[in-house]
Amino acid sequence: MSESNPLEIRGAGGKSVLVCSTGGHLSELLRVESRLGIHEDSLWVTFDTPQSRQELEGRRVHHLPYVGARDPLSVLKVGPVVRSLVRSEQFSAAISTGSSIALTALAACAMSGIPSTFIESVCRVHGPSTTGRLMQRIPGLDLRTQHARWAGGRWKPYPSVLEDFQSETVLPAQEPLRIFVTLGTFQGYRFDSVIDAFLATGLANADTVWQLGDTSRDDRLPGTVHDYMSPADFAQAAAEADVVVAHAGVGTLLELLGMGIYPVQVVRRAARKEHVDDHQTEIAEYVNATGIGIAVDGPDLTADVIRYAAQRRIVDGKAVRNTVGYRG
């Protein structure tokens, strides 16, 4: 492997196994795939969700039963499935961006002699996740971090999937603003703090679109309310909005940035029983430091934050470089 090319992944030019959870992990691995020129016969291994069905359409896919957060017994069942898959044909590489299913899946691939690489999620700004720490115990794995400041030992740097995005100023939209509030689809965890904070801004109106996930409400919210939305409906609501207020998940962040949307990210907290841990604070820190959005704690969402976002948009530097005639 060439030390001069940080994008290089062992064996990735051939037929690969690409394994990950859905959500942000799938969004990240898709962006990694676009960099590597992976063989068209490569095999994706992930959950069967509306996101995976849409974004992996036309690719080879093996669907796994859904594995929830902190479900070690289900994670263990992934290993034999992947081992059976990789023994049935030849693969030159195995790559994963997590989460927990990567642990047994990459171990199975490595034990079958396939060069295997784990790329830690971009949301892990200060150090590896629990999955990443466990990966360190598996010999032979290539371990990558998207944040060079904590690279070292077995962890080698890998360019962030967010590094090509930048924001710029635009003329602010006229009020009343059309606002799309999306709380994600994280099962079993409510996110009332952001709804309460947004209602307190006075900016909710008949044009507001809500995607609540597991945060069903008894009070009547102004606008159009959905529990869940198809990927196509989500994209339409985001494209038609003046501002998108979203939970600080990497999958949603990548989708919005790819659409040129400067997001307001609101952070889930474990102390409020909104998530299993506080890792969203790390991606929020990164977003604010790089200026590719504005991130706040759920209760700290204000009208000023939303109005600021209405004056910004995102440019994808990668897309610019890929434009015909560009000379970088």
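What is the strand order of the open sheet of six strands, and what is the pairing? I looked this up before anything else, keeping in mind that the model is predicted.

I read the order as 11-10-9-12-13-14, with parallel pairing. Strand 11 (224–226) and strand 14 (294–297) are at the edges; each has a single partner strand, so one side of each has no neighbour in the sheet. I noted that neighbouring strands here are turned against each other by 15° on average, direction ignored.

Strand 10 (residues 209–211) runs parallel to strand 11, and three bridges join the two. I looked up the partner of glutamine 211 and found histidine 226 in strand 11.

**Entry: helices on this sheet**

I checked helix 8 (residues 250–258) next. Helix 8 packs on the sheet and touches strand 9 (179–182), strand 12 (243–247) and strand 13 (264–267). I wrote down about 160° between the direction of helix 8 and that of strand 12. Helix 9 (residues 280–290) lies across strand 12, strand 13 and strand 14. For helix 9 against strand 13 I have an angle of about 150°.

**Entry: strands 2 and 3**

I moved to strand 2 (residues 43–47) and strand 3 (residues 60–64), which run parallel and are joined by five bridges. Threonine 46 stands opposite histidine 63 of strand 3. I followed the chain from strand 2 through helix 2 (residues 50–55) to strand 3 and recorded a right-handed β-α-β crossover.

**Entry: helix 4**

Is helix 4 (residues 101–111) largely enclosed or largely open? I found nine of its 11 residues buried, so helix 4 is largely enclosed by the rest of the structure. The buried residues are Ile101, Ala102, Leu103, Thr104, Ala105, Leu106, Ala107, Ala108 and Cys109. After helix 4 I came to glycine 113, which has a positive phi near 85°.

**Entry: serine 121**

Where is serine 121 found? I located serine 121 in the loop between strand 5 (116–119) and helix 5 (130–135). Buried means under 20% relative accessible area. Serine 121 has 3% relative accessibility, and therefore counts as buried. I listed its contacts, leaving out residues up to four places away in sequence: His25, Glu28, Thr97, Gln146 and Val250.

Definitions and conventions:
Residues are numbered from 1 along each chain as its sequence is written. This is a predicted model: local features need pLDDT of at least 70, side-chain atom pairs count only at pLDDT 80 or more; totals for chains, interfaces and linings use all residues. Side-chain values use heavy atoms; hydrogens and water are left out. Helices (H or I, at least four residues) and strands (E, at least two) are DSSP runs, numbered from the N terminus. Buried means under 20% relative accessible area, exposed over 50%, partly exposed in between (1.4 Å probe, protein chains only). Contact means heavy atoms within 4.5 Å. Two strands pair if DSSP finds at least two bridges between them. Axes are lines fitted to C-alpha atoms, for helices over the stretch in contact, and angles run from 0 to 180 degrees between N-to-C directions. A crossover is right-handed if, with the strands pointing away from the viewer, the path from the first strand over the helix to the second runs clockwise.
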